[in-house]
Amino acid sequence: MGTSRYSCEFGAVAVALYHSSPGGTYASVAKDLGVNHGTLRMWVRDAGRAARLGAVEAIAMEEENRQLRARVRELGLEREILRRAAKYFAAGTCW
């Protein structure tokens, strides 16, 4: 495989330009930028896919955070129960 003629930054700017062009087609935006319309279409598709993966990761992270917060509450409750039990049993011992 050859090296890419365009930088990642150029591709990102091209995708942003395509999305900000109301009624703009791949061909018209690509012509303005001097790239092949297939290349622009591929960049837009890849950017959309990356955005969806980012959203899925964010949802998974939120779910994990929810589970971890519940676990922290559970462990805090267990610690409080053990603290009270230790205090109770320590008060009843005469050394």
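Biologist: At what angle do helix α2 and helix α3 pack, and how far apart are their axes?
Modeller: Helix α2 (residues 26-33) and helix α3 (residues 37-91) pack at about 110°, and their axes are 8 Å apart. The axes are lines fitted to C-alpha atoms over the stretch in contact, with angles running from 0 to 180 degrees between N-to-C directions. This is a predicted model, in which local features need pLDDT of at least 70 and side-chain atom pairs count only at pLDDT 80 or more, while totals for chains, interfaces and linings use all residues. Residues are numbered from 1 along each chain as its sequence is written, and side-chain values use heavy atoms, with hydrogens and water left out.

Biologist: What makes α2 roughly perpendicular to α3?
Modeller: The angle is about 110°, and 65 to 115 degrees counts as roughly perpendicular (under 35 is roughly parallel, over 145 roughly antiparallel, the rest oblique). Therefore α2 is roughly perpendicular to α3.

Biologist: Which residues of α2 and α3 meet?
Modeller: Tyr-26, Ala-27, Val-29 and Ala-30 of α2 meet His-37, Leu-40, Arg-41 and Val-44 of α3, where contact means heavy atoms within 4.5 Å. By class, this contact has 6 nonpolar, 1 polar and 1 charged residues. Asp, Glu, Lys and Arg count as charged, Ala, Val, Leu, Ile, Met, Phe, Trp, Tyr, Cys and Pro as nonpolar, and the others, Gly among them, as polar.

Biologist: Why is α1 called roughly perpendicular to α3?
Modeller: α1 and α3 pack at about 90°, with axes 9 Å apart. That angle makes α1 roughly perpendicular to α3. From α1, Phe-10, Gly-11, Ala-14, Val-15, Tyr-18 and His-19 meet Leu-40, Trp-43, Val-44 and Ala-47 of α3. This contact has 8 nonpolar, 2 polar and no charged residues.

Biologist: Which residues make up the largest nonpolar core?
Modeller: There are 9 of them: Ala-14, Val-15, Tyr-18, Val-29, Ala-30, Val-35, Leu-40, Trp-43 and Val-44. A nonpolar core is a set of buried Ala, Val, Leu, Ile, Met, Phe, Trp, Tyr and Cys residues joined through side-chain atoms within 4.5 Å. At least two residues of this core come from each of α1 (8-20), α2 and α3. Leaving out residues up to four places away in sequence, Tyr-18 touches Gly-24, Thr-25, Tyr-26, Val-29, Leu-40 and Val-44.

Biologist: Why is His-19 called exposed?
Modeller: Its relative accessibility is 57%, and exposed means over 50% (buried is under 20%, partly exposed in between, with a 1.4 Å probe and protein chains only). His-19 lies in helix α1. In space, His-19 and Val-29 are 9.8 Å apart, C-alpha to C-alpha, at 10 residues apart in sequence.

Biologist: What makes Asp-46 partly exposed?
Modeller: Asp-46, in helix α3, has a relative accessible area of 33%, so it counts as partly exposed. Glu-57, also in helix α3, is exposed, with a relative accessible area of 57%.

Biologist: What is the average pLDDT of the protein?
Modeller: The average is 87, and 94% of the residues score at least 70; pLDDT is the predictor's confidence in each residue, from 0 to 100. Confidence is lowest in α2, at a mean of 88, and highest in α3, at 91.

How values were computed. Helices (H or I, at least four residues) and strands (E, at least two) are DSSP runs, numbered from the N terminus.
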